[in-house]
Amino acid sequence: MNVRIAAVLALLTSALLAAPQVQAQAVAQPAPPLVPVLAPLTPVVPAPPTPPPQVGELATSIITWNTLDKAVSVDFGTVNVPYEFLFTNVSTEPVTILSVRTSCGCTTAQLPPMPWTIPPGSNDALNITMNLIGKAGTVVKSVTMQTDKGMKNLLVRCTILQLQSSTQMASGMREHNQMLALADPQAIFKGDCANCHAEPAKGKLGKELYTAACGICHEAEHRASSVPDLKVAKQERNAEYWRNWISGGKQGTMMPAFSVGLGGILTDEQIGSLVEHLMKTMPTKPNLSTHAGAAVPAAAAH
Ligand code: HEC
Ligand code: HEC
């Protein structure tokens, strides 16, 4: 037998014995002369296993953020809004980002290949883009990042501002809308009106629901003078007061009845979440400079 081939076989055999995990490749390869024989000796480096996701909140002792809730205002007609969340791994271990999900197809994350590992002590940026086509008023979307050390929820908000010219153009439309609403306060939940006044409230609760369903009128900068500022209490306001106003509205005004049972769009659960949110955030007594929350008995907030 040729001495060189014998040497190759000896090498190959020892490689097979020493590294059983590469056996399949070694056998599958036709025995080429000399040099490539060394290839099976190179240990096959397996891809690092993806760590399992952890349930629970990603602690700020692990990752710190410049913000968790980013709000911007853009002019009407803007199509894409970029958001950047800066974060730092302040722990002593790597953190692996496994996925980033958003609450709307209109909002996307620009990501490196997953899994995305953040070495200890280093910082990086999570870039999000919100697409505003078909959107109006204030848009709020959530972004959920899942890591091997827990998950984190971030919020992106955008307020679409009316341009001077479009405000003027829309003023005839606004009068028309107000006439319709005065004739039938429930009109805002129907037809095209629903795109802005009902759709954004779907499936929301609490603060988000307030912004979508109530804020569109009560927090609007250029709202009609007949729409009151809810941050001013004109009388004592308890949970019943809020519930009655929200559920039933007021006939003969532009304040609609929101309860599904009265032709509105909100379930009892949604109304309950609004009452809870309003009791916590709005003043309950007129002419009181003390913080609203202090006057709320714990039971009323639930
Ligand atoms: C279409 C616009 C519109 C929307 C949407 C709307 N409101 Fe109103 N709301 C009004 C108007 C107009 C009045 C004034 C009624 C009147 O003349 O007495 C009013 C009055 C009120 C009042 C009584 C006044 C006060 O200062 O306490 C409350 C409470 C109230 N709204 C809460 C809400 C809540 C909560 C929501 C969301 C579920 C909501 N409104 C959504 C237009 C609106
Ligand atoms: C493109 C989104 C959009 C549509 C569609 C829309 N609204 Fe509105 N509506 C708003 C905004 C935003 C406000 C807050 C006031 C403002 O900025 O003009 C508002 C306010 C109102 C108000 C409070 C009074 C005021 O002008 O401040 C009433 C009443 C109202 N809308 C009724 C309607 C009715 C009725 C329709 C359908 C015929 C309708 N809206 C369709 C966005 C919309």
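These are my notebook entries on what I looked up in this structure.

**Entry 1: ground rules.** I am working with a predicted model, in which local features need pLDDT of at least 70 and side-chain atom pairs count only at pLDDT 80 or more, while totals for chains, interfaces and linings use all residues. Residues are numbered from 1 along each chain as its sequence is written, and chains are lettered from A and ligands numbered from 1 in the order in which they are written.

**Entry 2: overview.** I looked up the secondary structure and found seven helices and nine strands, where helices (H or I, at least four residues) and strands (E, at least two) are DSSP runs numbered from the N terminus. Of the 302 residues, 20% count as buried; a residue is buried if 20 or more other C-beta atoms, placed from the backbone, lie within 10 Å of its own, exposed if 12 or fewer, and partly exposed in between. Among the contacts with a separation of 6 or more, 62% join residues 24 or more positions apart, a contact being two residues whose C-beta atoms, placed from the backbone, lie within 7 Å.

**Entry 3: the sheet.** I traced an open sheet of five strands with mixed pairing, in the order S2-S9-S8-S4-S6, where two strands pair if DSSP finds at least two bridges between them. Its edge strands, S2 (69-75) and S6 (116-118), each pair on one side only, and the twist from one strand to the next averages 30°. Strand S2 runs parallel to S9 (residues 150-161), with seven bridges between them, and I noted that Asp75 stands opposite Leu161 in S9.

**Entry 4: two helices in contact.** I then turned to H5 and H7 (residues 268-281), whose axes lie 8 Å apart at an angle of about 100°; axes here are lines fitted to C-alpha atoms, for helices over the stretch in contact, and angles run from 0 to 180 degrees between N-to-C directions. That angle makes H5 roughly perpendicular to H7, a label covering 65 to 115 degrees, whereas angles under 35 count as roughly parallel, over 145 as roughly antiparallel, and the rest as oblique. On the H5 side the contact uses Gly206, Lys207, Leu209 and Tyr210, and on the H7 side Gln270, Ser273, Leu274, Glu276 and His277.

**Entry 5: ligand 1.** I listed 20 residues around ligand 1, and Cys214, Cys217, Trp245, Thr253 and Met255 come nearest; a residue is near a molecule if its C-beta atom, placed from the backbone, lies within 6 Å of it. Helices H5 (206-218) and H6 (239-248) each give two or more residues to this shell, and H5 gives the largest share, five residues. By class the shell holds 15 nonpolar, three polar and two charged residues, where Ala, Val, Leu, Ile, Met, Phe, Trp, Tyr, Cys and Pro count as nonpolar, Asp, Glu, Lys and Arg as charged, and the others, Gly among them, as polar.

**Entry 6: ligand 2.** I found 22 residues around ligand 2, the closest being Asn177, Ala181, Cys193, Cys196 and Ala220. Helices H3 (164-183), H4 (193-197) and H5 each give two or more residues to this shell, and the largest share, five residues, comes from H3. The shell divides into 13 nonpolar, six polar and three charged residues.

**Entry 7: Val227.** I located Val227 in the loop between H5 and H6, and Val227 counts as partly exposed because 15 other C-beta atoms lie within 10 Å. Leaving out residues up to four places away in sequence, Val227 touches Cys217 and His218.
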